[in-house]
Amino acid sequence: MATTTVAPRLVAGERRSGRRSGGATHGRPGFAWALPATLFFGFFAIVPLVLVVALSFMSWSGIGSAEYVGLANWRRLAADPTMIQSLWLSVLLTALGVAVQTPMSLLIGVWAAGRQRNRAVLSAIYFLPLLLSATAVSVLWRALLDPNFGVPGQARWLFGDGNLFGSRTGAIAVLVFVGSWQFIPFHALIYQGAARAVPAVLYQAAEVDGAGRWGQFRHVTLPQLRNAMITSVVLMVVGGLTTFDTVLILTQGGPGTDTTITAYYMYEQAFRSFDFGAGAAIALLLVLVATLISLVVVRVSGYDKMRSTMEGL
């Protein structure tokens, strides 16, 4: 009995001494390993954010010295109808993007996780938009949807006068379509990886219980993809609220101000009106709104608790 009680203590002592002496078992890496990434994040993220906060309380045209004006920029934006409209348009485009991209990327990702014939080839072709930048995608679709020489101009029986950019509904529909065409493959890739991680024993148990293909998808696949879905939605929200280049190339905020979202209005104030103080205030407001919505999504969904979907396996 003495041998059996002493042996575990000796093994534990060897493990502890191994950590101290640099043996086969090691502890966690020190802070020095994280120092390069911390410096990089601080220099390119924290410092610019602090400068934007300071600039939002100043008046600066880009030339000369900045003048402190207190809350004047914020008061002016609060009374600006275009600014208020841009916030609603940003939220609308983001909500439409989530509503369109989530079900399509979910279905495509689950399908791509299977072992169907030619699945790898079809997935590779469909994921090609991920290799293109948002600017290249916008230029491509601007040419394809041109009212004079594009597809709508040649199929007026389907598109009416062919000018999809001439109405608010058409312009918003184009922005949602182009954004979905580019980013659905990215979110489908998230769902594909999550679907492949679902244990096969769950499907086998569901099949024994008499669940068909739809029943397995509803009661097994969807619950297991919950955390992946929340991650995808948060990325959609942040990406949708900060979209800029697509609007700049496709609609330039038009017709009128019907697609002037917050990020584009920030660009107009800062780089067209040369009011960098107002532009900084809009940028800071956009960061706050995106962060708030993301925190609400995480909080309401319970994702902050990081509950495992494989509990009991």
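Predicted model: local features only at pLDDT ≥ 70, side-chain atom pairs only at ≥ 80, totals over all residues.
Phenylalanine 274 is partly exposed, with a relative accessible area of 49%. Let's take a friendly tour from here.

**The whole chain**

- The protein chain has 15 helices and two strands.
- Of its 313 residues, 35% are buried.

- Most residues other than glycine have a negative phi, and most peptide bonds are trans.
- Glutamine 252 has a positive phi of about 50°, although it is not a glycine.
- You can find glutamine 252 in the loop between α13 and α14, where it counts as partly exposed at 40% relative accessibility.
- Proline 255 also has its place in the loop between α13 (245-250) and α14.
- A cis peptide bond joins glycine 254 to proline 255, with omega at about 0°.

**Salt bridges**

- Side chains of opposite charge can pair when their charged atoms come close.
- How many salt bridges does a search of the whole structure find? The search finds two.
- One of them brings together the side chains of aspartate 275 and arginine 76, at 2.8 Å from N to O.
- Aspartate 275 lies in the loop between α14 and α15 while arginine 76 lies in helix α3 (residues 72-78), so this pair ties together parts that are 199 residues apart in sequence.
- Is aspartate 275 buried or exposed? Aspartate 275 counts as buried because its relative accessible area is 16%, and the cut-off for buried is under 20%.
- Leaving out residues up to four places away in sequence, aspartate 275 touches Trp60, Arg76, Gln269 and Ala270.
- Glutamate 268 forms a salt bridge with arginine 272, and their closest N and O atoms are 3.8 Å apart.
- Glutamate 268 and arginine 272 are four residues apart in helix α14, so about one helical turn separates them.
- Arginine 272 counts as partly exposed, at 45% relative accessibility.

**Helix α12 and its neighbours**

- Helix α12 covers residues 226-241, which makes 16 residues.
- From its first C-alpha to its last, helix α12 reaches 23 Å, close to the 22 Å expected at 1.5 Å a residue.
- The buried residues of α12 include Ile230, Val233, Val234, Met236, Val237 and Leu241.
- Asn227, Ala228, Ser232 and Gly240 are also among the buried residues of α12.
- Which helices do the buried residues of α12 pack against? They pack against α4 (81-112), α9 (168-196), α14 (262-272) and α15 (276-301).

**A nonpolar patch on the surface**

- Trp111, Val121, Leu122, Ile125, Leu128 and Leu131 form a nonpolar patch on the surface.
- Together these residues have about 610 Å² of accessible area.
- Helix α5 (residues 119-126) gives the most to the patch, with three residues.
- Valine 121 has its place in helix α5.
- With a relative accessible area of 53%, valine 121 is exposed, because the cut-off for exposed is over 50%.

Technical notes:
Residues numbered from 1 in each chain as written. Heavy atoms only, no water. Expected span 1.5 Å × (residues − 1). Buried < 20%, exposed > 50% of the residue type's maximum accessible area, 1.4 Å probe, protein only. Contact = heavy atoms within 4.5 Å. Patch = residues over 30% accessible without salt bridge, like charges linked within 9 Å, V, L, I, M, F, W, Y side chains within 5 Å. Areas by Shrake-Rupley, 256 points an atom, 1.4 Å probe, with all protein chains shown as cover. Salt bridge = Lys/Arg side-chain N within 4 Å of Asp/Glu carboxyl O.
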